[in-house]
Amino acid sequence: MDLVGAEAWIRDHVEPVGGIQTEHERPWATVLRVPLAGGVAWFKACAPVQAFEPRLTAELFARYPDRVAEVLGYDEERAWLLLGDAGTPIGAFGNPPKTWLVALPLYAELQRGEFAHTFDHLAHGVPDLRVATLPARYDDLLRQDLPLEREEIDRLRAFAPRFEELCGELVAHDVAETVQHDDLHMANVYTEGGKLRVLDWSDASISHPFVSLVVTFRFLEEVTGLPPGDPWFARLRDAYLEPWGHGLDGVFALAMRVGAFAHAIAWLRQRNHLSAMERTEFDRGFRIVLRRAIVQTL
């Protein structure tokens with residue numbers, strides 16, 4: 001990354017009061033912390049694999065300034081993004097389900113509002129994971145060198161015809177596809193002054209909206225400790241579905257089943273751009289995602 005150029009660009013938008021520091025550096029993005037007189041700003045330089053993120057974030061902030069981090073500046077060509085501070089991640093408070101009761105309807109309203117912009121997002125590089133594309137992408141997943149045991153891969157192969165059927169069933173319900181975050185967990189929802197904001201749209205895609213909660217529910221199990229079948233999951237499902245209308249519980253269950261595989265498929269986008277060394281670390285998380293999908297073959 002061009003640090004000198006990035007710092008000059010940052011200073012065109014804000015006035016730092018101290019040294020600009022690297023917060024973290026990943027194969028897919030570098031994040032800098034920018035101290036300001038009134039707090040802090042965050043600069044993100046996105047790798048080509050997620051170059052769509054700055055524009056997408058800016059578009060969402062323009063339409064939903066109450067639920068997306070403030071965009072102080074962005075450069076679509078260089079894939080640079082400068083954000084205002086959004087407060088504290090809700091994970092700092094233990095990922096409370098009560099907070100998701102508030103966050104999920106707000107997020108659903110954003111998704112519904114983005115119907116009108118779906119094709120514009122696709123034209124500007126937001127990944128296309130619409131349900132009709134998933135059977136072919138599932139086949140591509142099976143062609144990868146997956147970090148699984150042979151019997152697990154065999155189970156995925158055997159499930160391919162049934163997965164195609166499930167995708168057809170989900171498409172038939174005709175829920176309009178839209179932007180979905182695909183990393184909607186406690187580290188990407190922030191709170192400040194009574195506002196909840198969704199950050200980090202780098203894993204977003206255009207897909208079935210309901211599959212967003214695959215990740216949300218996973219971390220409520222793994223971090224918050226809710227067991228499968230806990231009543232909170234039904235409450236949160238209902239809160240999320242409220243803006244969509246009535247009678248969608250069955251569609252939601254189907255979307256969550258398909259979504260477990262769609263989420264695994266989405267991981268390939270970044271994985272395929274990693275070096276062998278980077279992929280070893282990446283696969284620790286990828287293996288968990290794949291095995292959660294395999295459960296859905298039963």
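In this predicted model, three strands make up an open sheet whose order is 6-8-9 and whose pairing is antiparallel. Its edges are strand 6 (88-89) and strand 9 (195-198), each of which pairs on one side only. Strand 6 is joined to strand 8 (residues 189-192) by two bridges, the two strands running antiparallel, and T88 stands opposite T191 of strand 8.

- Strand 5 (residues 80-84) is mostly covered, since five of its five residues are buried.
- In a regular strand the side chains alternate between the two faces of the sheet.
- From strand 5, W80, L82 and G84 point one way while L81 and L83 point the other way, and all of these residues are buried.
- Strand 3 (residues 39-46) runs antiparallel to strand 5 and is joined to it by five bridges, with A41 standing opposite G84.
- Strand 4 (residues 71-75) is also antiparallel to strand 5, through four bridges, and D75 has W80 in strand 5 as its bridge partner.
- The hairpin of strand 4 and strand 5 has four residues between the strands, and A79 there adopts a positive phi near 60 degrees.

**Helix 6**

- Helix 6 (residues 150-172) contains 23 residues and spans 34 Å from its first C-alpha to its last, which is close to the 33 Å expected at 1.5 Å a residue.
- A bend of about 50 degrees occurs in helix 6 at A160, and the proline P161 follows within four residues.
- The buried residues of helix 6 include E152, I153, L156, F159, A160, F163, L166, C167 and L170, and what covers the buried residues of this helix includes helix 5 (134-142), helix 9 and helix 10.
- After helix 6 comes D174, whose phi is positive and near 60 degrees.

**Helix 9**

- Helix 9 (residues 249-271) has 23 residues and reaches 33 Å between its first and last C-alpha, close to the 33 Å expected at 1.5 Å a residue, and it carries a kink of about 30 degrees centred on G259.
- Because 18 of its 23 residues are buried, helix 9 is largely enclosed by the rest of the structure.

**Aromatic pairs and a charge over a ring**

- Across the whole structure, a search finds 21 aromatic pairs.
- One of the pairs, formed by Y240 and F252, is tilted, with 6.4 Å centre to centre and 55 degrees between the planes; because Y240 lies in helix 8 (residues 231-241) and F252 in helix 9, this pair ties together parts that are twelve residues apart in sequence.
- Both partners are enclosed: Y240 is buried at a relative accessible area of 0%, and F252 is buried at 4%.
- W267 and F286 form a stacked pair, with 5.9 Å centre to centre and 10 degrees between the planes; because W267 lies in helix 9 and F286 in helix 10 (residues 276-295), the pair ties together parts that are 19 residues apart in sequence.
- R235 lies over the face of W232, at 4.3 Å from the ring centre.

Terms used:
Residues are numbered from 1 along each chain as its sequence is written. This is a predicted model: local features need pLDDT of at least 70, side-chain atom pairs count only at pLDDT 80 or more; totals for chains, interfaces and linings use all residues. Side-chain values use heavy atoms; hydrogens and water are left out. The expected span of a helix is 1.5 Å times one less than its number of residues. The bend at a residue is the angle between axes fitted to the seven residues ending there and the seven starting there. Buried means under 20% relative accessible area, exposed over 50%, partly exposed in between (1.4 Å probe, protein chains only). Rings of Phe, Tyr and Trp (its six-membered ring) pair if their centres lie within 6.5 Å; planes under 30 degrees apart count as stacked, over 60 as edge-to-face and the rest as tilted. A charge sits over a ring if NZ of Lys or CZ of Arg is within 6 Å of the ring centre and within 35 degrees of the ring normal. Two strands pair if DSSP finds at least two bridges between them. Contact means heavy atoms within 4.5 Å.
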